[in-house]
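User: Hi! I'd like to go through a structure with you, one bit at a time.

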Amino acid sequence: MGLRIEGEIERVNGKELSYESFVEKYLKKNQPVVLTGLMDDWRACRDWVKDDGQPNLQFFSTHFGKSRVQVADCCTREFTDQKRLEMSVSEFVDHWLEFSAGNCGDDVKCNKRSQSLWYLKDWHFVKEYPKYVAYTTPSFFLDDWLNLYLDTHSMHQHKDTHHDKNDINCADYRFVYMGAKGTWTPLHADVFRSYSWSANVCGKKLWLLLPPLQCHLIFDRNLKTSIYDVHGDISEIKFPGFSQAIWWECTQEQNEIIFVPSGWYHQVHNLEDTISINHNWFNAYNLSWVWNLLLKDYKEAKEYIEDIREICDDFESLCQRNLAANTGMNYYDLFIFIRRFALANLTLLHDLRKDENTFLCLSKAHILISNLVSIREVALRMVSAEAFAEENLNRYSEGNLTALSDIKKITDEPCFIELCTAISRTLETIGGVQAQYHKERNQPIFSSEGKFEVFNDCGCIPCTPEDLVKMIDLFISDLSIHGKDFKFGLQSNICGSETFSIERVVL
């Protein structure tokens, strides 16, 4: 069954694209794009690539050979993914070199190679080698709430849902991928329905992407199982809509970065020996995608164990534990996440009142308030969730209860100050303003002085989504910074609930 390929991904010189244009054209519209010209000064492009453009595999064996990594066997399916193996980087490189196309000395070895395509995936390289600065994240992708949070916090507070070896439940979502020609990744949408960006350090990839509005076409009649390989033997009876899908195709060259938006299913093939750097991330522009995924997966987790509800002492907690195990987070995890980001954004808004640069101050304030508007919208949708009923909150773990209730403890933690500082640095960079401005005036990028007092007048401790909505409303409904007023309006969203929108900022 041939694919209908009609969509084409735009190529843009990243050096000529402003952050504001990237947001308007691609983040807000959830559209893919290939960016060029952003990898010229990366150390990875020098160290990891030989003069002939091939991967410098010996460099990895010499410098990182003892690292333990996950390797996908591209020839063996295991449930909905490829079978995973664990080995050292040196072992992976040895296998690659032994079965490389150039070393096929006989038909037996070549046949064996075709059945031994191994693809190193999800290597947490940055976490493992923080002092080796392989690359600099382009400014377009710096507003990365997921990895900023995981740099200082754990995603889970409940001991039963924390597993160090769980691939989903990991320390960060910054990865290195390495694979020989012919390796590939099956059809999928990214974890948490996050954005992703993938940079080809060397090699060439073929991407097949499907827009979110057509993704139902790759599922079976019950919308439970999706297609594994678009080039495989696909049953028209089981997947009746597949032939109607209209795909986008893109060949990604060396030193190009592709931005993959939320909810776009994609299948990727390495057309040459390839090394890539990949991040998953989300922020204000796709936070609703994360909540929508949790809603869907929670419903499935709940239906799966519905028959034991009557004999289960704490059915809701069991649903949430299963959701965290299957999806990588649950309702409580996401609420604690957005609550900490709300507190950090409110703290930074308060801190801006001391900034001498009025224009910079208002530019930052606009971003911070946009973040809070997005958080408010998701929190409002959480209000009716059974998980946040009083009886269910009282049953939940001590770690989560502390994270939900003790606002002073949270704001006093070094990790909270680190999160505020990281967000502030991001605002400096994406706004095109350097920290030199603060250095010259002997000002820190973020001041923790008085950070708790900023919440004294709010009148509530945001222990629930409803409390968080009230807190944000109190802070931003009548906001003035440096004498400039931020005007807001209430509008109904597609769910019928009211959300704030920024109507006008008087600069």
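Analyst: Let's begin with Glu306, which is partly exposed at a relative accessible area of 36% (buried is under 20%, exposed over 50%, partly exposed in between, with a 1.4 Å probe and protein chains only). This is a predicted model, so local features need pLDDT of at least 70 and side-chain atom pairs pLDDT 80 or more, while totals for chains, interfaces and linings use all residues. Residues are numbered from 1 along each chain as its sequence is written, and side-chain values use heavy atoms, without hydrogens or water.

User: Which residue does Glu306 form a salt bridge with?

Analyst: Arg309, and their closest N and O atoms are 2.8 Å apart (a salt bridge puts a side-chain nitrogen of Lys or Arg within 4 Å of a carboxyl oxygen of Asp or Glu). Arg309 is partly exposed too, with 25% relative accessible area.

User: How many salt bridges are there by that rule?

Analyst: The count comes to 23. Lys127, Asp151, Asp172 and Arg174 are joined in a network of them.

User: Nice. Where do Glu91 and Arg68 sit?

Analyst: Glu91 is in helix 4 and Arg68 is in strand 4 (residues 68–78). Helices (H or I, at least four residues) and strands (E, at least two) are DSSP runs, numbered from the N terminus. Although 23 residues separate them, so that distant parts of the chain are linked, their side chains meet in a salt bridge at 3.8 Å, N to O. Glu91 is partly exposed at 43% relative accessibility, and Arg68 is partly exposed at 49%.

User: And how far apart are Glu300 and Lys296 in helix 8?

Analyst: Because they are four residues apart in helix 8 (residues 287–304), about one helical turn separates them. Glu300 counts as partly exposed at 33% relative accessibility, and Lys296 does at 42%.

User: Switching to the backbone: what is the phi of Asn30?

Analyst: Its phi is positive, about 55°, although Asn30 is not a glycine. Most residues other than glycine have a negative phi. You'll find Asn30 in the loop between helix 1 (19–27) and strand 3 (33–36), and with 11% relative accessibility it counts as buried.

User: What about Phe192, buried or exposed?

Analyst: Phe192 is buried, with a relative accessible area of 2%. Phe192 also has a positive phi, about 60°, without being a glycine. Its loop runs between strand 8 (184–188) and strand 9 (195–202).

User: Now the inside: which residues touch the most other members in the largest nonpolar core?

Analyst: That core has 71 residues, and the ones that touch the most other members are Tyr331, Leu334, Phe337, Ile338, Ile375 and Phe388. A nonpolar core is a set of buried Ala, Val, Leu, Ile, Met, Phe, Trp, Tyr and Cys residues joined through side-chain atoms within 4.5 Å. Helix 10 (residues 331–352) gives the most to this core, with 15 residues.

User: What is Ile375 in contact with?

Analyst: Leaving aside neighbours within four places in sequence, Ile375 is in contact (heavy atoms within 4.5 Å) with Trp145, Leu287, Ile338, Phe341, Ala342, Leu468 and Ile472.

User: How many residues are in the second core?

Analyst: This separate core has 48 residues, including Met39, Phe59, Phe259 and Trp281.
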